[in-house]
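Colleague: Could you take one part of this model and go through it closely, then show me how it sits in the rest? I'd like one connected account.

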Amino acid sequence: MIKRIPIFLWLLLLSTSMLAQSRVISGKVISIEDGQPIAGVNVVIKGTAVGTTTDVDGKYSLTANLGAVISFTFIGRSTKEITVGEQAIVDVSMDVDAKQLGEVVVVGYGTMEKRDLTGNVAQISSAALNGIPVTSIEQSMQGKAAGVFIESQNGKLGQGIKVRIRGASSLSASNQPLYVIDGIPVTSQSQSSNGAETNPLADLNFNDVASVEILKDASAAAIYGSRAANGVVLITTKRGKSGKTNFSINYFTGVSKETGRRQFLNAQQYVDVESQAATNAAALDPSFPYVAFNNSRLQRYAAGNTNYTTYNTDWQNQVFRAAPMNQIDVSASGGNDKTRFFVSGQYSDQNGILIGNSFKRLTARMNLDHKATDKFNFGINFNFARTENHRLSNDNFFSTPLQIVALSPITPTVDPRTSLLSGELDNSTGLPNTNFPVYYNPMISVNNAHYVATVYRNWSNAYATYTFLPGLTFRSEVGADILFQTEDQYLGSLTVRDTGTPNGQGFNTTTLVVNYTTNNYLKFEKTMGLHTFDLTGGMSFQRSRNDGTSITAQQFPSDAYKNISGAALIVAASAAPTNFSFLSYFARGNYKFKDRYLLSLSGRVDGSSRFGDDNRYGFFPAASAGWIVSEESFMQNFNYVSNLKLRASYGLTGNAEISNFASRGLYSPAPYVGAGGQAPSQLKNPNLKWETTAQMDIGLDFSILNSRISFEIDYYQKKTSDLLLARNVKGTSGFQTYIQNVGNLENKGVEFVVSSQNYVGEFKWATSFNLAHNENKITNLAGQLLGTNDLNRAIEGQPIGVFYGREFAGADKNNGDALYVLNTKNPDGSINRGTTNDFNAAQQVVLGNPNPKWVGGITNNFSYKGIDLSIVFQGVQGNKIYNAGGQYMSSSASNGYDNQTTDQLRAWKNPGDVTDVPQLRLFFANGVNPSSRYITDGSYLRLKTLTLGYNLPKAVISRLKMEKMRIYFSAQNLLTFTAYKGWDPEVNADAFASNINQGQDFYSAPQPKTYTMGINIGF
Amino acid sequence: MKISNILKSLMVGIVLTSCNNQLDIQPSTSVDASQALLTSKDVKGTLVGAYANMGSTNLYGGGIYVYSDLLASTGTDINFFGTFQGLTQISNKEIPINNTFVSGVWLNAYTTINNVNEVLAALSVVNSVDRNQVEGEAKFIRASMYFELVKLFAKAWNDGDPNSNLGVPIVLNPTHSLDDANVAPARNTVKQVYDQIISDLTAAETKLPPPDNETYYYATTGAAAAQLARVYLTQGAYDLARDAAHRVISSGYYRLETNYSDEFPYIGRAVRIYNKPEDIFALQISEQQGTNNMNNYYAQSNLGGRGDIEIASDFLNTFPGGDSRLSMFTDDGSGSLFYSDKFDNLYGNVKILRLAEMYLIRAEGNLRMGTTVGNAPLSDVNIVRNRAGVTPLASVSIQNILDERRWELAFEGQWLSDYKRSATDVATVPATPWNSPSLVFPIPQREIIVNPNLIQNEGY
């Protein structure tokens, strides 16, 4: 990594003449990285007061003597000095000052210089986010911030995304971070009604985002008090800069395919496997005619053919598709000294890799800033979005496209007896088939059902600042996040086998979430000699009201009527208004001494409607300190060290994301066939309060070689106490759970960040690398075992969601029975590793951890002349995945007629066979209970984004009156390296996902692999 | 006024205005418990809620009957082909202690019991005219829940000593606070549970009125007597069972449908049908409320069900010739497996107690006691056979009655109890002894964990 500072400008020196002669010098100042003009550069003749500034086109003109030195200075860029020579025109390219790079970071209620930061804030710049062909901002952040684990539940568009900042800190309350856009907390909770989460952040056009700051430690986050325990994501949108109006148009078009497939049996293999399973079953139980039965079933599934292999269908071909996507972004920004603006619009049209899934987004934004006087500024952000999501059933429905793999490969896609889709019609009844194919055919839903969620979203806020005295500023903000959603579903009469509702079912919801916030605070900054103070204090009030109604109706005259107004019968209707509010007071003081000793104190008092009468207000303080060692005199000899800073912080944050009335004793409606009724639904807990997370962070920032290489290392410990736990109570009480502050858990880990400018100059190569390790452990659960699904549990001493159950031991080599390791305790205390075929006799043990041990990413950006190349890898390591569909698809053909994965061909056949697949036994459920049989490693490394771009030469585009034209090719999720045999290792079945239920695959769609071609135009 | 002054006042105003009252937000879709049981109407509403909970899918919505029949299945009668692994486990008689269907029965039953305990504790609020009826209905519901629990989670009455065999915990007081919920009841004996059931049902029979019309569907004195007849039959107290059944039959409020299929009507579309004259007690399902879980598992998919359970031809072959009850089966196309059509109506009620069974209980009671209270045993059995269109018997044995019950009450959740009380092994391969621990549910794992006083059943 040899530094090669661009020195061509210095060549000017060679032609310097020593004649002292006054002359007019003019020129243009541009930025070195993109050639854009820089307005407002101070151009001064060194040693004099003579100078000027560049205009909006970056142009300047001044009179100077030969030999005089002209200095060009601009915040954020390295100062340039030029000695006046023969030339009358001196054009200057200014480079970004590496020392000041990313200098300003957004923090809660303000900004700070990164140098002065004592907390841990990860920053992702717009360049790393913009233009990525994904649906929501979190997906574009994947792999780009240390300690931020981002996982999509599956490949369905606009659905739930798990974000864990430094691990999960709660069992029953939310583990998602607080999202704040331009200072206003926004609604990020799913508003979905179909059992799979949606992601309200998908309404955001993330090409409007200037930067994302992730507040990770207590020092950074405590100012958000009771909602900061999971970290805070601050999203700041772009604002105009004074200067000429810049227009930009970005367009891309592309296509997505699935990242992977699972291998299933073909027709011949299926017939062989099922027949063998029937023969084996008959040998064990002669009382039932398994073989004859099997033959009749095979004939049924082969659409009546006695030649069972007449058809050979690969059902995955039916539901996966090459899905097109198109997106156009336009923006204009600019302004003058007084008024600046940023205006943008986006239209995005994405199709899912699964048939029937699509997502459209239309957004418009205007951010306006006005300087009324030197003291008074105000501005407004206005954002409108409309999204339309054509959704699919959740992963647990026969109608979700990927459950099609359960159908037999011997079944034709179109039933030749009816020339309609298999299952659509039984000629004898005139109704859909009831038992052909094996299950409901999801293809029937493609044309006979829809589920459209349409969201109108308005994020708007206004602010005003007034400077009373130099350094003393008051800022007031009012913001509203208005989310209006309609969901419209119609399930046609042909879907009856899936819905259980003959003659159609309509479902309609409207949801209005009005979430408004006001922040009012004073900021005071003062430098007195070696002391610098920066104080912030104020209040915040937030109220959110959610009004939702829904109607379900049945009995439609025909499938031509798809709206509930056509229904004869209203079967369910509900209205569910609910509210919450937060009233908060916050303060922060930063103190800096001699530019090297940093101290920061912050705190927030939060009151919430959600908590018990006895614990309505909570206090969340944090303290941190930093020492910029590199400023010390004893460091001055170490020239290669540009920055060395030690940081430490400690503080408390809270988690308040529980249901709005969790502290109340409640009765809820329990009607009985037309009579109104009620029943107790919740026990009262007047003591209910926040979960508290005490977090300690020690960090080191280190950069060398003029900041060409910088390191950040952090160690943290997060100890959460008073867990908001839906604690199991004795079922004999008539209640099942009681929400109580009980239990503890902890996360500890390390984070590494390395960024380096490997090459600078004409050929540039920059690398940014992050890696984080987190260890989650539940330390106290009051003796409970929580978790209701197959294997995910919360257990004391183990990470959240750990897989807990019987340890599978393969097939008995003598008879092919499924075996389990006993894991019982011997009298001498040792563990009995003997095996048993009695599932219940085997003890349950910890089988694996769904939480990754390591998460990380590496971004490499290259550029040479007009060519740029960006390569982003992202990965997780050390997590396990449980295939909950294994009990059907990899069941030794012993659990019904589901098509089997090809690994079942390894099944035990003869005494002496050693294999992990028990003998095929029709209906004998040979080893299909949830066990480690279906758990595999989920580590993966992914080539997340690969982008190759080409900037057309200036000469060409200036003729077109443009400033920039770039064409590019990009691929998302191009390569995935994993040992996981399923569709895709980034998975958590949407129907079951929760804090505890993690790492489950259940017919979940893989991630899309997307290829795009695009063009960026600037003028 | 200068801008700065305006701002200053604005700021001070905003900051100082107390928003504290903004933190007091009342729920609007639920009611605070302290406001829920203030009036007579409130208490009656809570009783309605208890019916709703009793009708949950795991209980009298049908689950209890489906699970118990699957536990009693042999492979040559009913077969579970569905994808719910928990039901496969029950059907295979290999139930892990965390089976969610098992814990669902336990939890929902105790939720229902707590509902009626709330009602019983608030009886003084009920207006005096309705008080007896409210008490009687509540006690009928409580007794029914304990009866189902003790049958599924404990050894049979005739399996060893009911005085020492563990039943289920008896809880008679409502839970109002965490302290109440923290009480850790131990399992009462089988005998104590039966005593409680009989005491509640006896009180209910006295306090409840007869049905005021044929479609009436809340608990009546007849329902209490009919349930009592079943309880006594399970205990082998044949005289008491006979008498209770006789009280129901002789009350005159009930009559058999002319055709067996009329008792399980399906008129070509799913529609709510109120009680039939033969129904003594049934859980109602409407388009808006309740789920017919029998339909869910037995009915074909175009009738709203999943068609998970199919009936083997071996079982159909055991029916007497010309039995009209055989018309309630549809070949699935294989010739060897059939769907039952008894539950084709998605909104049909779920039969809990019906008159045909009372004839068979009275017959069995009389036959075993050598009496003819109300009618001769042979005549009672032939009443049921006649309605089914089967040749009347010339003479009757206990086995005849047990067979008749198996056909008449097929898939209505009585098989397991009949095997056990008659000490008949279940004809699986190899046979499962009638008193096998595998024919008893485990106490749910979650319950064992939270309540150290509970002892797990043998075999788990």
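Modeller: Strands here are DSSP runs of E at least two residues long, helices are runs of H or I at least four long, and each kind is numbered from the N terminus. Keep in mind that this is a predicted model.

Let's look closely at the loop between E33 and strand E34 (678–682) of chain A, where A:Val673 lies. Is A:Val673 buried or exposed? With 22 other C-beta atoms within 10 Å, A:Val673 is buried, because the cut-off for that label is 20 or more.

Strand E33 of chain A covers residues 666–669, and two bridges join it to strand E1 (residues 31–32) of chain B. The two strands run antiparallel, and A:Tyr667 stands opposite B:Val31. As background, strands of a sheet pair through backbone hydrogen bonds, either parallel or antiparallel.

That pairing takes us to the contact between the chains. In total, 81 residues of chain A are in contact with 80 residues of chain B. Sorted by class, chain A's side of it has 39 nonpolar, 34 polar and eight charged residues.

Back within chain A, A:Ala925 also deserves a look. A:Ala925 isn't a glycine, yet its phi is positive, about 45°. You'll find A:Ala925 in the loop between helix H9 (886–889) and strand E53 (935–937) of chain A. A:Ala925 counts as buried, since it has 21 C-beta neighbours inside 10 Å.

While we're on loops, check A:Pro437, which is in the one between strand E23 (420–421) and helix H7 (443–448) of chain A. The peptide bond joining A:Phe436 and A:Pro437 is cis, with omega about -10°. Chain B has a cis bond to look at too, from B:Val429 to B:Pro430, with omega near -10°. B:Pro430 is placed in the loop between helix H17 (415–421) and helix H18 (445–450) of chain B.

What about the chain that carries our loop? Chain A has ten helices and 57 strands. Its radius of gyration is 32 Å, close to the 31 Å that the globule rule gives for 1019 residues, so chain A is as compact as a globular protein of that length. The C-alpha trace spans about 115 × 65 × 65 Å along the principal axes of chain A, and 52% of the residues of chain A count as buried. Among the contacts in chain A with a separation of 6 or more, 68% are between residues 24 or more positions apart.

One sheet to pick out in chain A is open and five-stranded, in the order E10-E15-E16-E13-E14, with mixed pairing. Its edges are strand E10 (121–125) and strand E14 (184–185), each pairing on one side only. Strand E13 (residues 178–181) meets E14 in the antiparallel sense over two bridges, and A:Val180 has A:Pro185 as its bridge partner.

Finally, the cores. The largest nonpolar core has 164 residues, and B:Val150, B:Ala229 and B:Val248 touch the most other members. Helix H6 (residues 128–153) of chain B gives the largest share of this core, twelve residues. Apart from that core lies another, of 145 residues, including A:Ile184, A:Leu407, A:Leu920 and A:Phe992.

Note on methods:
Residues numbered from 1 in each chain as written. Chains lettered and ligands numbered in written order. Predicted model: local features only at pLDDT ≥ 70, side-chain atom pairs only at ≥ 80, totals over all residues. Contact = placed C-beta atoms within 7 Å. Nonpolar A, V, L, I, M, F, W, Y, C, P; charged D, E, K, R; others polar. Pairing = 2+ DSSP bridges. Rg over C-alpha atoms; globule rule 2.2 N^0.38 Å. Buried ≥ 20, exposed ≤ 12 C-beta atoms within 10 Å, placed from the backbone. Core = buried A, V, L, I, M, F, W, Y, C linked by C-beta atoms within 7 Å.
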